[in-house]
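This report describes a predicted model.

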Amino acid sequence: MKKVNVAIMGLGTVGGGTYDILTQNHGYIKSTQGLDIRVKRVLDRDREKALGRGVPQTAFTDNIDEVVADKDIDIVIETMGGVEPAKTFITKALKSGKSVVTANKELISKFWYELEPVAKENGVGLYFEASCVGGVPVIRTLTESMQANRICELYGIINGTTNYILTKMTEEGLGYETALREAQQLGYAEFNPSADVDGYDAVYKLSILSSLAFHTTIPYKNVYREGITRITADDIKSARELGYVIKLLAIGRRDGNKVEARVHPTFVPAEHPLASVRGSFNAVLLTGDYVDDIMLYGRGAGARPTGSAIVSDVIFCAKRRSHDYTDFAVSETPQAGTEIVGDFTSKYYIALTALDRAGVLASVAKILAESGVSINTILQKGNSGDHATITFLTHKAGEHAVMGALEKIGRSEYVRSIDSVIRCL
Ligand code: NAP
Ligand code: HSE
């Protein structure tokens with residue numbers, strides 16, 4: 001029986017879930033996987049919290065050097081989050097010949113290009129299944145199961161917190177703040193919720209996933225980002241009336257050497273499979289040139305699902321005689337030959353408030369037409385005063401053309417405000 005000693009750094013939501021699985025399922029993993037995995041060390045700031053969870057006094061440390069110096073530790077699990085000191089700790093572990101398993105998407109997306117070479121030089125593994133889409137095995141699917149295909153599209157709901165908030169706002173009419181508080185209490189939200197609601201977390205994940213899917217680095221800085229903080233109850237109501245639901249969608253598309261990578265709220269047709277992904281559930285829809293569509297679905301956040309992904313990486317790592325690395329050179333900037341497209345095309349939902357007067361609608365439509373933006377549906381609702389709400393659904397149009405037209409419309413003397421601009425799937 002192979003004995004494997006691990007250290008867990010960070011005993012919070014995910015580290016705690018990982019500790020529970022490794023201790024409670026120890027016998028099951030031993031009998032099914034032939035691995036005797038022991039948690040030899042737990043590193044955290046808070047000794048009392050760790051002891052309260054059942055960590056033996058002798059296993060606790062708050063000193064990374066004790067973890068690194070322990071020759072019996074084979075794999076270090078990092079579940080602290082953030083860039084520092086996680087980056088320094090992981091680098092020390094890799095340099096001391098220990099493989100690392102991490103859930104830290106921010107760190108991987110920002111410093112993959114530094115950490116992977118350190119792992120390679122030291123002949124150890126760097127695994128991060130848990131960094132993307134919680135318990136859903138999307139990284140292993142991309143790297144171990146879809147290699148025969150050129151992946152051309154990736155559509156995902158890859159943030160549990162925002163999906164939970166949007167679901168609660170849509171189905172229960174809950175206010176944004178209340179829904180966010182619930183997501184925090186359930187352990188889905190990042191330490192700083194801006195990482196979730198402003199779309200950064202989904203950007204980090206899309207950067208990792210689209211790099212793996214398209215075999216070229218898509219730096220997080222090149223991913224277009226818009227969060228959910230401006231989504232209103234009116235937007236949700238309009239979406240419903242038009243046959244859509246609003247989701248924070250991550251979209252990656254490849255056409256030859258051109259790649260699109262974007263995260264933004266999106267009108268998803270109510271009958272689309274992604275529309276039925278609710279609460280903290282996530283899903284990723286991948287399209288390969290031979291396999292066609294594959295949809296992966298499951299819990300995208302939380303202690304147990306994410307712990308499950310961590311332990312799966314630990315088992316995967318422990319069973320390997322040697323480690324694989326990415327099949328492209330991970331870099332800080334896009335590789336020569338890859339063009340990341342900013343002027344993508346989409347359909348748009350636009351809502352604006354304008355004077356309720358003859359000719360106003362025509363003048364707005366004229367600006368859109370002059371910019372090459374064709375209208376599919378228009379709806380005008382008079383308000384109680386002298387203004388009206390006008391909503392448009394456009395046909396597919398270029399992002400720059402639409403934004404240019406909206407700038408002109410926004411300057412028009414008849415238009416009081418442009419209230420919403422949401423892209424449609
Ligand atoms: P968390 O609940 O805040 O846990 C982090 C733990 O690490 C806390 O116990 C924290 O202690 C400890 N810690 C932080 N910095 C430390 C340091 N310098 N030295 C010692 N201990 C330190 O966070 P989490 O939600 O588990 O997230 C952890 C990581 O998993 C993040 O990278 C996150 O993005 C990722 N992730 C989370 C989820 C999820 O559903 N929550 C899912 C997938 C991936 P204090 O409490 O004292 O700060
Ligand atoms: N905060 C993240 C989310 C955790 O809500 O999806 C999972 O990565």
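Lys 92 belongs to helix α5 (residues 86–95) and Asp 65 to helix α4 (residues 64–69), so the pair ties together parts that lie 27 residues apart in sequence. Side chains of opposite charge can pair when their charged atoms come close. The count for the model comes to 29 salt bridges.

## The parallel sheet

An open sheet is built from six strands, ordered β3-β2-β1-β4-β5-β6, with parallel pairing. The edges are taken by β3 (60–61) and β6 (126–127); each has a single partner strand, so one side of each is left without a neighbour in the sheet. Strands of a sheet pair through backbone hydrogen bonds, either parallel or antiparallel.

Within this sheet, β4 (residues 75–78) and β5 (residues 99–102) are joined in the parallel sense by four bridges. Val 76 stands opposite Val 100 in β5.

## Domains and the contact between domains 2 and 3

The protein is divided into three parts: domain 1 (2–131), domain 2 (150–299) and domain 3 (345–424). Between domain 2 and domain 3, the C-alpha centres are 25 Å apart. Their contact involves 14 residues of domain 2 and eleven residues of domain 3. The two domains bury about 1,100 Å² between them, and 53% of this is on carbon and sulfur atoms. Asp 235, Leu 242 and Phe 267 account for 38% of the area that domain 2 buries against domain 3, more than any other three residues.

Two salt bridges are counted between domain 2 and domain 3. Glu 241 and Lys 381 also meet through their side chains in a salt bridge, at 3.3 Å from N to O. Six residue pairs are in polar contact across the interface of domain 2 and domain 3. On the side of domain 2 that touches domain 3, the elements giving two or more residues are α12 (233–242), β9 (244–255) and β10 (258–269). Of these, β10 gives the most, with five residues. By class, this side of domain 2 has seven nonpolar, three polar and four charged residues.

## Strand pairing around β18

Strand β18 (residues 415–424) pairs with β10 in the parallel sense over two bridges. Here the bridge partner of Phe 267 is Cys 424 in β18. Phe 267 is also one of the three residues named above for the area that domain 2 buries against domain 3.

Strand β14 (residues 345–355) runs antiparallel to β18, and eight bridges join the two. In this pairing, Ala 354 has Val 415 of β18 as its bridge partner.

## Two backbone details

Which peptide bond is cis, with omega near 10°? The bond in question runs from Glu 84 to Pro 85. Pro 85 is placed in the loop between β4 and α5.

Val 133 has a phi near 65°, a positive value in a residue other than glycine. Val 133 lies in the loop between β6 and α7 (138–145). Most residues other than glycine have a negative phi, and most peptide bonds are trans.

Methods
Residues numbered from 1 in each chain as written. Chains lettered and ligands numbered in written order. Predicted model: local features only at pLDDT ≥ 70, side-chain atom pairs only at ≥ 80, totals over all residues. Heavy atoms only, no water. Pairing = 2+ DSSP bridges. Domains from an automatic or database assignment. Contact = heavy atoms within 4.5 Å. Buried area = accessible area lost by both parts, 1.4 Å probe. Salt bridge = Lys/Arg side-chain N within 4 Å of Asp/Glu carboxyl O. Polar contact = N/O pair within 3.5 Å; in protein donor to acceptor, adjacent residues only side chain to side chain. Nonpolar A, V, L, I, M, F, W, Y, C, P; charged D, E, K, R; others polar.
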